[in-house]
Amino acid sequence: MKNKNNIWNKTLLLTLLLLPATGFAAQGEIDGANTAWILTATALVLFMTVPGLSLFYAGLVRSKNVLSILMQCFAITALISVIWLVFGYSMAFGPAENPFWGGLSKAFLSGVNKDSVWGDIPESLFIAFQMTFAIITPALIVGAFAERIKFSSMLLFSGLWSIFVYFPVCHWVWAEQGWLYQMGLLDYAGGTVVHVTAGVAALITAIMLGKRQGFLVTPMMPHNLTMTITGAGMLWVGWFGFNAGSALAANGSAGMALLVTHLSASAGALTWMTIEWVRHGKPSGLGAVTGMVAGLATITPASGSVGPGGALVLGIMGGLLCFTATYYLKQKIKIDDSLDVFPVHGVGGILGTLMAGVFVSQELGVFSGNGYAEGMNMASQLGVQVVGILATAAYTAVVTIILFKLVGVMTSGVRVSEDEEQMGLDISDHDEKGYSM
């Protein structure tokens with residue numbers, strides 16, 4: 001009997017020692033390395049909006065509107081953070097078994113405390129990380145209606161748009177219950193969720209708001225390219241948190257996402273510079289940073305699916321296609337998307353989301369990524385990618401039109417008067433000057 005008890009005790013002890021290696025035991029355990037990396041990534045993604053995107057955009061407008069751009073990005077950061085607390089996180093990642101939204105059971109972060117976990121990181125950290133994505137997406141749209149929208153209209157539209165566009169699409173793509181997630185859409189860090197939604201909304205709002213006074217007649221040169229290039233550098237660094245942080249772990253996937261992000265940005269910058277060099281005889285600083293952003297936007301949805309070779313090709317494709325889209329949108333179609341949100345972010349996001357379904361194939365050698373999911377091939381994966389792009393773009397367009405009209409009614413028109421536009425939004429909206437010299 002004693003021998004039997006000893007055998008039982010040893011067996012029980014061995015089982016308990018092995019439990020932490022099993023999936024069941026891993027639930028609820030915090031991984032220190034992963035937590036440290038996502039803490040860093042969260043700070044990097046917030047750094048992309050304030051100050052990165054803020055400075056990037058502010059340098060591109062005329063000096064009389066520089067403060068208005070900084071203020072818009074800053075105010076959006078504060079507003080979306082509060083909305084994310086109230087019900088944004090719940091709508092995007094709530095536990096409701098619904099393919100279209102997560103419900104309201106996590107409103108005001110109900111049930112979340114310091115011991116709550118998401119995978120092997122604190123849930124509070126996952127909430128903060130995803131909040132930074134929710135912040136930068138409506139901030140991107142600011143570039144489309146820069147220099148001519150009321151501050152009140154901008155703020156109201158950004159809040160409503162996040163509630164009715166960003167949060168649902170985020171659930172579709174990144175929540176396990178989401179219908180596009182279930183279909184197998186490849187969107188590692190926001191090709192559809194961030195860039196397609198922001199790009200399409202930018203195009204719609206630019207059309208609905210109308211052109212700036214003197215568009216394509218009066219020169220509207222960036223007032224401070226030093227500021228823009230500084231902001232672009234911050235975006236480049238912050239984007240490592242954006243893409244590599246989406247692994248939600250300090251592992252090989254994060255390392256590869258960081259590498260391909262940098263390579264695509266580099267290829268995009270060089271491609272845009274080369275095109276300008278050939279066409280105009282000289283490369284420009286503005287072209288270099290715009291090409292870099294095009295490369296970053298293009299690699300974002302594919303950063304967890306492609307290898308270094310694929311990143312190089314995507315960066316070149318992104319630089320070439322986004323340059324062409326920028327030229328035709330303004331010079332040929334004559335749409336005043338002031339800071340090129342749709343041709344860079346929208347077109348880049350669409351291209352990257354589509355090509356993720358190609359370069360994920362392990363049959364492409366040096367371009368290979370992780371391989372297709374079980375039962376998928378290139379044709380079926382491309383079909384899913386197209387469905388994701390079209391559904392996101394169509395939904396965003398329809399809801400954006402409705403919301404923009406609604407905001408116009410609620411604020412007695414979304415656009416500043418002609419006199420206010422001529423004066424500049426720094427004075428008309430904030431009674432301040434960006435520069436007092």
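I took helices (H or I, at least four residues) and strands (E, at least two) as DSSP runs numbered from the N terminus. The model is predicted, so I kept local features at pLDDT of at least 70 and side-chain atom pairs at pLDDT 80 or more, while totals for chains, interfaces and linings use all residues. Residues count from 1 along each chain as its sequence is written, and side-chain values use heavy atoms, without hydrogens and water.

**Largest pocket.** I looked up open sets on a 1 Å grid over the protein atoms alone, with protein on both sides within 12 Å along at least five of seven lines; a lining residue has an atom within 4 Å of a point. The largest pocket holds about 970 Å³, a volume being the space filled by probe spheres set on the points, joined across faces, edges and corners. I found 35 lining residues, with Leu-286, Thr-326, Lys-330, Gln-331 and Asp-340 closest to the centre. Two or more lining residues come from each of α3 (32–60), α10 (252–280), α11 (285–299), α12 (308–332) and α13. Helix α12 gives the most, 5 residues. I noted 19 nonpolar, 9 polar and 7 charged residues in this lining (Ala, Val, Leu, Ile, Met, Phe, Trp, Tyr, Cys and Pro are nonpolar; Asp, Glu, Lys and Arg charged; the others, Gly among them, polar).

**Second largest pocket.** I read a volume of about 780 Å³ here. Its lining has 30 residues, and Val-173, Trp-174, Tyr-181, Asp-187 and Tyr-188 lie closest to the centre. Helices α5 (123–141) and α6 (151–174) each supply at least two lining residues, and α5 gives the most, with 4. By class I have 18 nonpolar, 10 polar and 2 charged residues in that lining.

**Cavity.** I listed its lining as Leu-53, Phe-56, Ile-136, Leu-140, Leu-235, Trp-239, Val-293 and His-345. Helices α3, α5 and α9 (225–244) each give two or more of these residues. The lining splits into 7 nonpolar, 1 polar and no charged.

**Helices α13 and α14.** I found α13 (residues 341–359) packed on α14 (residues 378–410) at about 160°, with the axes 8 Å apart. That makes α13 roughly antiparallel to α14 (over 145 degrees). In contact (heavy atoms within 4.5 Å), Ile-350, Thr-353, Leu-354, Ala-356, Gly-357 and Val-358 of α13 meet Met-378, Gln-381, Leu-382, Gln-385, Val-386 and Ile-389 of α14.

Notes:
Axes are lines fitted to C-alpha atoms, for helices over the stretch in contact, and angles run from 0 to 180 degrees between N-to-C directions. Angles under 35 degrees count as roughly parallel, over 145 as roughly antiparallel, 65 to 115 as roughly perpendicular and the rest as oblique. On a 1 Å grid over the protein atoms alone, a cavity is a set of points where a 1.4 Å probe fits but cannot get out, and a pocket is an open set with protein on both sides within 12 Å along at least five of seven lines; lining residues have an atom within 4 Å of a point.
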